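Trainee: I am new to this structure and would like a close look at a single part, the place where the chains meet. Please take me through that part and then connect it to what surrounds it.

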Amino acid sequence: MHRSDEQLVTAYLERGDQQAFRVLVERYQEQIFGYLMGMVRNREVANDLFQETFVRVIDAMHDRRGSYTRQGRWIAWVMRIARNAALDHLRSRKKWQDVPSGDDDDSASFWDRLPDEALAADIELHNKEQYEMLDACIDQLPPEQREVVLLRQDADLTFREIAELSGVSINTALGRMRYALINLRRMIDPQKKKQLAEI
Amino acid sequence: MDKKLHIIQHLYDEGDSAAVEEALRDAEERLEYDQLRDLKAQLDQRPRPVPDAAVIDRIVALADKTALAAPRTARADRPARSGKSRLRNWSAISLTLAVVIAVGIGIVQMPVSDGASQVPMSSELANTAPADVSRDIPEPIEAAPSAPAPARQRLAAPLAEEAVVAAGEQRLMTELEEAESDMAYLDDADVAGLRPNEAMAGRALSAPVLADSEAVPAWEEGEALVELHRRIELLQARSADDRWDEPAVMSLDVLPTQPGTGSRIDRGLNTVGSGSQNNNNP
């Protein structure tokens with residue numbers, strides 16, 4: 001029998017139903033973990049952030065930290081926490097990287113370094129499957145566009161939910177998605193031509 | 001919203017399909033839509049990564065531990081109320097309601113004016129109130145049947161004074177209204193060519209019959225009744241010698257020529273003058 005998110009949340013909060021909470025986690029693990037993987041591009045870090053996200057979720061559901069109001073979809077609320085966890089991680093990495101290290105490029109931030117990492121991903125595109133090539137192309141997107149793609153494509157949030165989560169209008173969220181798709185297509189086409197040429 | 005944004009919404013099964021159909025009539029928009037739709041199909045085919053199973057186990061264990069430590073948000077069902085407690089509640093509500101209604105009625109029936117300011121005046125008026133007036137005014141015994149006699153007298157004195165004043169004012173007003181009404185009626189009769197006595201006789205005939213409750217004089221009109229009674233007695237004494245079958249005015253040729261008949265003629269004229277108002281005989 002399929003139980004709704006609201007029923008599962010109620011079963012966990014009011015009866016301490018452990019199995020109900022497991023169903024919730026497993027139901028949305030792909031969406032949440034896919035988004036985190038897309039943001040940090042590291043499986044170990046994504047696992048840590050996934051766990052950190054649910055520690056915050058459990059605390060908020062028991063009113064220990066934050067507040068959980070049963071409004072809107074439960075996954076949208078959890079995705080907000082996952083996004084905050086990911087941004088906290090990225091900010092901490094940015095601070096660590098902004099410490100002067102004696103390199104010539106010491107002024108570059110984390111976001112400025114993304115093309116370099118994506119460049120490494122470009123090199124791997126020759127030996128990877130198409131979906132890996134797509135992930136690499138998504139990594140090369142500007143952060144705002146990449147986040148919208150991950151939230152809509154992986155986390156299955158609606159554009160309205162994305163707009164509320166990001167603090168922008170729905171038109172802005174839609175515009176970012178459109179530019180992200182156009183940019184992805186422009187990146188994918190040369191890769192495909194290159195693959196065909198190698199064949 | 002821009003047409004291109006409608007296309008994005010439609011790609012992800014959101015938004016208004018009618019707006020998209022309108023946008024797709026444009027060939028350029030149609031081409032972009034087809035290209036983005038192919039790209040989305042490729043994105044949908046990507047395998048979605050999942051976290052390690054150990055991570056999920058740790059999360060569920062933490063959730064279980066937290067749920068055991070936290071108090072349950074759900075409250076236990078309260079026991080059913082017994083019929084006795086329900087009856088007790090209704091009795092208390094009814095009693096409270098009755099008390100409130102009784103107090104409300106008491107407040108409504110209380111006199112508005114301050115009683116303390118009337119006490120000195122009433123004692124003064126009790127000493128100066130005329131005896132005939134206090135005799136005509138019924139005492140408010142029903143309001144205070146167990147009150148002692150001096151107290152009742154003090155209560156009756158200001159009421160008697162007020163009643164006398166009110167009766168006088170009412171009588172004056174009534175007489176003024178009647179006089180004005182008579183004047184207006186006589187004016188109308190003059191216009192119609194009638195004489196005053198004929199007009200007044202006709203008005204008396206056309207006056208509506210008073211109801212029983214209106215015909216009975218009020219107790220405040222005792223003085224007027226006494227005056228009316230005296231007038232009736234005076235008229236009866238004056239017309240004691242007259243008979244109904246006698247003509248009110250006799251022709252000069254039938255009048256006796258003996259001395260002393262002038263007083264009879266005068267009485268006849270007086271009878272005609274008063275009879276035209278009081279008697280409506282033709």
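**Where chain A meets chain B**

Mentor: In this interface, 48 residues of chain A are in contact with 39 residues of chain B. The model is a predicted one, and every value here is computed from it. Between chain A and chain B, an area of about 4300 Å² is buried, and carbon and sulfur atoms give 62% of that area. On the chain A side, the residues that lose the most area to chain B are Gln153(A), Arg178(A) and Leu181(A). Together these three make up 15% of what the chain A side buries.

Charged pairs come next. The rule finds seven salt bridges across the interface of chain A and chain B. Arg22(A) forms a salt bridge with Asp57(B), and the closest N and O atoms of this pair are 3.1 Å apart.

Leaving aside residues up to four places away in sequence, Phe50(A) touches Pro51(B), Val55(B), Ile56(B) and Ile59(B), among others. Its contacts within chain A, counted in the same way, are Val25(A), Gln29(A), Ile32(A), Phe33(A) and Leu36(A). Phe50(A) is therefore in contact with residues of both chains, as heavy atoms within 4.5 Å count as a contact.

Phe50(A) also has a place in the largest nonpolar core, which has 78 residues. Along with Ile32(A), Phe54(A) and Trp74(A), Phe50(A) touches the most other members of that core. The element that gives the most to this core is helix α4 of chain A, residues 74-98, with 12 residues.

Now for the partner chain as a whole. The secondary structure of chain B comes to 12 helices and zero strands. Of its 282 residues, 18% count as buried. Among the contacts in chain B with a separation of 6 or more, 50% are between residues 24 or more positions apart. Chain B exposes about 21500 Å², with 57% supplied by carbon and sulfur atoms.

Part of the surface of chain B is a nonpolar patch of about 390 Å², made by Leu95(B), Val99(B), Val103(B) and Ile107(B). Leu95(B) lies in helix α5 of chain B, which covers residues 83-109. Why does Leu95(B) count as exposed? Its relative accessibility is 59%, and exposed means over 50%, so Leu95(B) is on the exposed side of that cut-off.

Note on methods. Residues numbered from 1 in each chain as written. Chains lettered and ligands numbered in written order. Predicted model: local features only at pLDDT ≥ 70, side-chain atom pairs only at ≥ 80, totals over all residues. Heavy atoms only, no water. Core = buried A, V, L, I, M, F, W, Y, C linked by side-chain atoms within 4.5 Å. Buried < 20%, exposed > 50% of the residue type's maximum accessible area, 1.4 Å probe, protein only. Helix = DSSP H or I, 4+ residues; strand = E, 2+ residues; numbered from the N terminus. Areas by Shrake-Rupley, 256 points an atom, 1.4 Å probe, with all protein chains shown as cover. Patch = residues over 30% accessible without salt bridge, like charges linked within 9 Å, V, L, I, M, F, W, Y side chains within 5 Å. Salt bridge = Lys/Arg side-chain N within 4 Å of Asp/Glu carboxyl O. Buried area = accessible area lost by both parts, 1.4 Å probe.
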